[in-house]
Amino acid sequence: MIQVNNVVKSFDGFRALDGLTMSVEGGSIYGLVGPNGAGKSTILRHITGIYRPDSGSVRVDGQPVYENPAVKSRMAWIPDELYYFLSASTRDMMKFYRGLYPQFDDKRYQTLKDAFPAVDEKQPIRRLSKGMQKQSAFWLALCCMPDILVLDEPVDGLDPVMRRQVWSLLMGDVAQRGTTVLVSSHNLRELEDVCDHVGILSHGKVLLERSLTDLQDNILKLQVVFPDGQLPQLPPDLNVLHVTQLGRVHTLIVRGEPAVIKSRVAVFSPMLMEALPLSLEEIFIYELGGEDYAVRDIVL
Amino acid sequence: MSWEVRTMRSGTSFFNTALFRKTFLRFWPIWALYTAGWTLVLPLRLWADAMRWKGSSTPKELAERLQNAVSQIPYLLEVGVALAAVMGLVCAMAVFSYLYSSRSACMMHALPLRREALFLTQYLAGLSFLLLPQLAVFALTAATEAALGCLALWPLVQWLLAQGGLCLFFYSFAVFCAMFTGHLAALPVFYGVLNLLAFLMTSLVEAVCDLFLYGFRSFPSPVWELVDHLSPPVILSNAVSIVSRDDAFVLYQPGLVAVYAAAGVALSIAALLIYRSRHIESAGDVVAVKLVRPLFKYGVALCAGLTGGMFTYELLSGLSDLTLMGWILFWGLAGYFAAEMLLRKSFRVLAAWKGAVPLAAVIVLLSLSVHYDWYGFEDRVPQADQVTAVTLNGLHSAPYDDGQGRGLTLEDPEQIALVLQLHRAALALEEENREEESDPQGYTEYLYEESDPQGYTEYLYLDLHYELADGTALERGYSALPIVESDRGVEGTLTWAAGQLLSDRENMEQLYGFHDIEANCRLVAAYLEDVWNTQTRQYETVYIDGSTEKLWQAMKQDFAEGTIGVRYLFDNSVERMENTCATDLYFDYEAPPKPGDVGISSYGSSFSITLTPQASHTLALLHELKVLDETHLALTNREAEALELGEGGAYAPSTQAEAVIEGYDF
């Protein structure tokens, strides 16, 4: 379990993390989302033990991460901007990581060769295309057999087939080995498919942290048509976040228990009432719409 | 084995083999180039020399030449200093280059290694780029020497140890500098500047003080000794120079090299401590350590102020010292804002003006304090009872033999009192002297026209070094102090005091340095220079066979009687022209080697003293030895001048000149 407590980090007076607190359950896939500059990469660099927090703590299974090789050796990190030694090939990097990560699995390296057939393991990684470099990064990271996999914009640059394959490999590890995956991305549709937990960052803080199911169960999109075409005066305690009208159809975004909401709206005898599931994107828009304009930016 | 057990092993380790191997292999061109360089210079050259000599030498000669070549291997250390300085930087830049880009810094620090392990592994990898090639070259050279039958390990061991020490220091110093910056291009700048900062800054401050403070010449030698020690390339170049001891070539100061190598270890520990506290996000910053940023900012301002100020001042041909203050202020502020730009990575730095205010205030205050001499530096003349000894240099006088240019060290209270008068007289001339320094030509014309139209004006460049009773020293230097002939009899004037000092025979004995020659040297030969030959009508050099010792004694007797070795303040005075000859008496002598002389058991030098018409014992002996006779004359300067002027050309006799010569009484 990754526990981040009240982490503060400033860069030349700019507070990049402002008392950030979050927790990632072991064996879960945790999606970290937020607008540009929200602090996603910064908190990931704290979690991987690269940055030292100004205050607060980052712990994995109760152990501090910073300057703790025992914890860091259980962790693999794929940054948004990859770095490899000049002229080092995938095979060279494999030999390098093999000397650093005690759990490194040679057999898996050979096995995964088939999963990434486009990557020439003897070719310098810097000469590979961006997508192939990403594939190489996944190949090497998975061979380290990490208990925690930290991914910053991981599938950016991968083609749809390879994206699916990579996620499949990751989810296989989660299922078989209980690997914890912490992933930051702007691609909310993709996260929706794979994440079981989501944290939303803005201005260096976690605004919301919940399981995806909880999120979806707590907000409802209701399309209703009333006989006179007008929206009646709804009860004030009904937490309506947003209303739009298209012709005679009103779309209501309401926070609360879906069954309760439906029964309370049914009182007004709508001609049509249909409850629709909200996408992750929509949840962000409506759940946090009044909270912060920057959150809206990421989905608009 | 569980992961916890396995990873704990790496958690307690301070060295990682995989990383070391990777770094060593990644940067192979560096150590390969270094190895190739030394291989070329040592074993290959030795082998090539041996092959070349083989054809042209007997076996005995070949053996001697090879032994000689092998014994001179430590000479390579003089090049080795520069090589170590450059290669140390290159290695540090290579192995710690990952700190200077965000991507590489993050990648390396995400590895399951403690910073100590990362640092130590990289540090040792970089050091191995230098030391392993040297070991390999050592082994190769030893093998070559053995194959050629001239194996001599000691010179080679000296080279190996000293070069290793040099590399350890310079590399560690570069690593130390590397920890302070987050920018690869800034590292060589910091390294280069810090290596010579003390020397450059002291020189600049000295130059500024010289302009501001009347009487300031230079910082005392202990300051410069310290500066030398803070300028590693300077002090280490000197330390690895080769001297001859007991018929062997050895390093001048091997202990100092060892001290610097130890300093290298200390610097590497300091570098580790900085690295531990370094923020990885500082990659790309010119200064990576927050605490050092103000130091950098104001350091750049100071350096820019002094360098730019002096440069602009000299470029614009001086002007007043207050102008210099203005330029220092201008460049200091320019340096301050330039440093701000580098730190903030932005040109918009005027908002940092608040930090410039104290800087400007300090520069103005310091400049004013020096300009108005708030420290009482200029007016300070020690009390006579405070002075135990004084060394006086620059008491320029004629004739131009070995009696000029040598320093005088005086301990006699009367003589010290005279020097103090000389000092006070120099202070009294401050205003005129400053005018002279700022406008030498105009002031000289003024002096000739106004001060002493009938006499002569000369200039003294005096350096005074007082040893005080409390163990301290006081040093002053004055340039272009005017002395005028009409002041010779006026007590308290500079001319009078200088004349008094020059009239003391003990002082003159010291000026000529007889004691040194008699105590340590062996006279070898004597000869006269500029003897006028009446037949050839040319000046010539006449060598004297034998009797060198007798001639020396005769000269000494004349000196004791005050008839030779008399000094004149004014080169063109009547006294000087009539009482000194154009002919100089030279003594060649052998002197013992000086410290640091290589392979020399003694060296030859010569002593000269100008003949005078009154030096009866010397002249008599020279005539007795037939060195001077009717055709070989030692003309007085007046006679020589008359001879020259009378001919309308150099050395061509005239009736007037012949008359002078015929009337010469020898």
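**Exercise 1.** Is A:Ala266 buried or exposed?

*Solution.* This is a predicted model, where local features need pLDDT of at least 70, side-chain atom pairs count only at pLDDT 80 or more, and totals for chains, interfaces and linings use all residues. Residues are numbered from 1 along each chain as its sequence is written, with chains lettered from A and ligands numbered from 1 in written order.

Start with the cut-offs: with C-beta atoms placed from the backbone, 20 or more others within 10 Å make a residue buried, 12 or fewer make it exposed, and anything in between is partly exposed. A:Ala266 has 11 C-beta neighbours inside 10 Å, so it counts as exposed. It sits in helix H9 (residues 258-266) of chain A; helices are DSSP runs of H or I with at least four residues, strands are E runs of at least two, and both are numbered from the N terminus.

**Exercise 2.** Work out the strand order of the open four-stranded sheet in chain A, and find its edges.

*Solution.* Two strands pair if DSSP finds at least two bridges between them. Follow the partners and you get E2-E1-E4-E5, paired antiparallel. Strands E2 (14-24) and E5 (63-64) of chain A each have a single partner, so one side of each lacks a neighbour in the sheet. Now zoom in on E4 (residues 55-60) of chain A: its antiparallel pairing with E5(A) runs over two bridges, and A:Val60 stands opposite A:Gln63 in E5(A).

**Exercise 3.** How many residues does each chain bring to the contact?

*Solution.* Count residues whose backbone-placed C-beta atoms lie within 7 Å of one another. Chain A brings 24 residues and chain B brings 26 residues. On the chain A side, helix H2 (residues 69-72) gives the most, with three residues.

Note on methods
Two residues are in contact if their C-beta atoms, placed from the backbone, lie within 7 Å.
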